[in-house]
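Reader: I have a structure open and would like to talk it through with you. Could you show it here and then take my questions in turn?

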Number of protein chains: 2
Amino acid sequence: MTRIKRLLVCVLLIMIGFVAGYSRPRARRIGMVIGIRPEKLEEYKSLHADSNRGVRDLLRRYHLTNFSIYSHQLDDGGKYLFGYYEYYGTQYEVDMSRLAAEPRNKDWLSVTDPMQVPLRNEKSWAVMEEVYHND
Amino acid sequence: MTRIKRLLVCVLLIMIGFVAGYSRPRARRIGMVIGIRPEKLEEYKSLHADSNRGVRDLLRRYHLTNFSIYSHQLDDGGKYLFGYYEYYGTQYEVDMSRLAAEPRNKDWLSVTDPMQVPLRNEKSWAVMEEVYHND
């Protein structure tokens, strides 16, 4: 092969890899909601700061990625948390029960759960219905 | 180069591309909330069904991607929508005003806006505060 052909092949191979990486399937998206005790919001935010390791590594280990939590006060005066994450694994229930069994995750929830106020008839975050998605 | 070396170089180049594609930066994430008239929820869901083109192409054109909307009824009895999207462009305000100026987007909002109930002191979706993110 000439040098120019070799270069073109290299570029093509990198592009194939890029497209494969870029367009990875999103196995499952979860949106969820829960209340937060207003007097605990600042402490909750500190616990969730970028600088705090928390359970970030455990979420990744069990394939929960692109995980965001937002807070907002609604018109009833209550403060709420809205969570969003993507699951890229292949065994959702297995991964979730393994995560739940991790001692560090249990410790984490023993701190954060009492700050949260589940909606009526819920024990923790309520999973919402997805009504729209556009990649 | 021997055949095996050439193969290894090919695999390496594809891997470089894959990692570059997979780890693309997320320029900006937006989480937002708004009420929805309960009697309009089903119509809203139909409009937002996968099969409906809506403004999907316009969102992508102006770099708004991975756009999801969830719905849930909260304890005040009201139904709410929670939106999440990622912006991958470099001129957020410019792209947003160009999107707003698109005739088809105006038509779309003239249908969906009356179905929604902005929170107090809001004209449309309220942007929420991000309190956590983990890639």
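Predicted model: local features only at pLDDT ≥ 70, side-chain atom pairs only at ≥ 80, totals over all residues.

Reader: How many residues does the contact take from chain A and from chain B?

Author: Chain A puts in 47 residues and chain B puts in 47 residues, where contact means heavy atoms within 4.5 Å.

Reader: And what area do chain A and chain B bury between them?

Author: About 5100 Å² is buried between chain A and chain B, with 56% of it on carbon and sulfur atoms; buried area is the accessible area (1.4 Å probe) that two parts lose on being put together, summed over both. Of the area that chain A buries against chain B, Tyr70(A), Val131(A) and Tyr132(A) supply 16%, more than any other three residues.

Reader: How many residue pairs are in polar contact across that interface?

Author: The rule finds 29 residue pairs in polar contact between chain A and chain B, both residues being at pLDDT 80 or more. A polar contact is a pair of N or O atoms within 3.5 Å; within protein, one must be able to donate a hydrogen and the other to accept it, and residues adjacent in sequence count only if both atoms are side-chain atoms.

Reader: Which element gives the most to chain A's side?

Author: That is E2(A), with nine residues on the side of chain A that touches chain B; strands (E, at least two residues) and helices (H or I, at least four) are DSSP runs, numbered from the N terminus. E2(A) also runs antiparallel to strand E6 (residues 129–134) of chain B, joined to that strand by five bridges, and DSSP must find at least two bridges for two strands to pair. Within this pairing, Phe67(A) stands opposite Asn134(B).

Reader: Switching to Ala126(A), is that residue buried or exposed?

Author: Ala126(A) is buried, because its relative accessibility is 0%; buried means under 20% relative accessible area, exposed over 50%, and partly exposed in between (1.4 Å probe, protein chains only). Ala126(A) lies in strand E5 (residues 126–127) of chain A.

Reader: What is Ala126(A) in contact with, leaving aside its neighbours within four places in sequence?

Author: Ala126(A) is then in contact with Gly31(A), Met32(A), Val33(A) and Leu119(A), and also with His72(B) from the other chain.

Reader: Which residues form salt bridges with Asp57(B)?

Author: Arg53(B) does, with the closest N and O atoms 3.1 Å apart, and Arg104(B) does too, at 2.8 Å. Arg104(B) is in helix H5 (residues 103–112) and Asp57(B) in helix H3 (residues 56–61) of chain B, 47 residues apart, which links distant parts of the chain. Arg53(B) is exposed at 52% relative accessibility, whereas Asp57(B) is partly exposed at 21%.

Definitions and conventions. Residues numbered from 1 in each chain as written. Chains lettered and ligands numbered in written order. Heavy atoms only, no water. Salt bridge = Lys/Arg side-chain N within 4 Å of Asp/Glu carboxyl O.
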